[in-house]
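Biologist: Can you put the model up? I'd like to go through it with you.

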Amino acid sequence: MAQIGTDKQAAKGFLEAGNVVGIPTETVYGLAGNALNPDAILTIFRVKNRPSFDPLIVHTDSFAKLDQFVTDIPELARKLAKAFWPGPLTLLLPKRDLIPDLVTAGLPTVAVRIPNHPLTLDLLRSLAFPLAAPSANPFGYISPTTAQHVADQLGDQVPYILDGGPAGIGIESTIIGFENNVATVFRLGGMALEQIERVIGPVLVQTHSTSNPKAPGMLSSHYAPRKPLILLSAGTSPQPGERAGALVFREPFGGIQANHQRVLSPTGDLNEAAKNLFAHLRTLDTLPIDVIYAELLPNSGLGQAMNDRLRRASVQ
Ligand code: TXA
Ligand code: MG
């Protein structure tokens with residue numbers, strides 16, 4: 001069983017030995033391994049049961065180190081990095097040969113970000129290599145926002161989980177690429193579109209699922225609990241006799257018993273809602289209910305990324 005603790009030296013030791021470790025970030029917990037070591041990368045894919053066509057994000061601690069991993073940093077990317085790193089934003093940049101093809105699933109670009117978490121930044125500073133880290137959940141399931149979530153699902157395959165407390169943002173990073181000098185968002189996430197557009201102007205948003213997705217977070221069914229999730233919209237409500245639960249924004253829904261409901265933010269704060277989203281979905285998945293109804297959020301700020309997750313979770 002994984003040990004959970006705050007010992008950076010222990011985490012460093014496992015990573016240097018080619019092992020994988022659970023790490024905290026401000027978005028969600030990651031399953032980290034040496035990004036330059038193909039064996040460590042293969043272990044990540046195996047532990048997560050992740051298809052090899054789904055590339056990983058490379059985490060580093062300083063903008064200066066980027067030149068080691070990428071051949072070019074377009075001006076738009078520089079602006080965003082300057083404004084938002086460390087933070088919940090991932091940039092797709094042309095990769096150097098140093099980054100194994102396994103990491104990028106053969107793509108010519110590598111996804112990179114500097115996470116904003118003091119423990120993980122310290123850990124990254126102490127290492128001679130960057131960390132590849134997908135969210136530390138089995139492929140397709142809800143991302144973990146606490147060390148215990150990681151232990152619950154991957155604990156028997158991971159020697160150590162670095163505990164940095166509950167994730168402060170709670171939703172995965174926003175992913176943005178720069179093909180032909182056009183900024184394109186491929187995954188909505190913890191950095192709101194409005195904030196990005198304030199720095200670089202209007203961006204394209206291309207988060208539709210396809211059979212050959214650029215970002216498999218774009219797969220139509222993803223981020224999903226095991227129980228069926230139905231969006232609470234006009235016309236949907238629990239059937240008589242149905243054992244239903246609900247995920248709601250500000251207040252419980254009339255037709256469902258109160259202890260089977262989870263409220264994301266009683267004050268209507270979208271940042272608080274994002275912080276609670278995945279933990280509440282996990283809890284609902286364990287209650288004695290057969291179906292989860294979920295209310296969509298206002299479509300601004302982090303509401304957009306949360307609605308994206310809920311829509312994907314509702315696809316069976
Ligand atoms: O907040 C986050 O981004 C978290 C924390 C741990 O940093 N990580 C995370 O990783 O969410 P993961 O592997 O669960 O999601 C990464 C997404 C995937 O959908 C993958 O397809 C996409 O990033 N991605 C990675 N490299 C890519 C590339 N070169 N081009 C397009 N998409 C890429
Ligand atoms: Mg993920």
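Biologist: Is the crossing of helix 1 and helix 5 left-handed or right-handed?

Modeller: Right-handed, for helix 1 and helix 5. Helices here are DSSP runs of H or I with at least four residues, strands are runs of E with at least two, and both are numbered from the N terminus.

Biologist: What should I keep in mind about the source?

Modeller: This is a predicted model: local features need pLDDT of at least 70, side-chain atom pairs count only at pLDDT 80 or more, and totals for chains, interfaces and linings use all residues. Residues are numbered from 1 along each chain as its sequence is written, chains are lettered from A and ligands numbered from 1 in the order written, and side-chain values use heavy atoms, without hydrogens and water.

Biologist: Back to that pair. At what angle do the axes of helix 1 and helix 5 cross?

Modeller: Roughly 50 degrees, with the axes of helix 1 (residues 8-16) and helix 5 (residues 118-126) coming within 10 Å. Axes are lines fitted to C-alpha atoms, for helices over the stretch in contact, and angles run from 0 to 180 degrees between N-to-C directions. So helix 1 and helix 5 are oblique to each other. Under 35 degrees would be roughly parallel, over 145 roughly antiparallel, 65 to 115 roughly perpendicular, and the rest is oblique.

Biologist: Which residues make the contact?

Modeller: Lys8, Ala11, Lys12 and Leu15 from helix 1, against Leu119, Asp122, Leu123 and Ser126 from helix 5. Contact means heavy atoms within 4.5 Å. By class, the contact of helix 1 with helix 5 has four nonpolar, one polar and three charged residues. Nonpolar is Ala, Val, Leu, Ile, Met, Phe, Trp, Tyr, Cys and Pro; charged is Asp, Glu, Lys and Arg; the others, Gly among them, are polar.

Biologist: And which residues of helix 3 meet helix 7?

Modeller: Leu76, Lys79, Leu80, Ala83 and Phe84 in helix 3. In helix 7 their partners are Gln195, Ile196, Val199 and Ile200. That contact has seven nonpolar, one polar and one charged residues. The axes of helix 3 (residues 75-84) and helix 7 (residues 193-200) cross at roughly 120 degrees.

Biologist: New topic. Where is the cis peptide bond?

Modeller: From Trp85 to Pro86, with omega near -5 degrees. Pro86 is in the loop between helix 3 and strand 5.

Biologist: Which residue other than glycine has a positive phi?

Modeller: Asn49, near 55 degrees. Asn49 lies in the loop between helix 2 (38-48) and strand 4 (57-59).

Conventions: Left-handed = near helix turned anticlockwise from the far one by under 90°.
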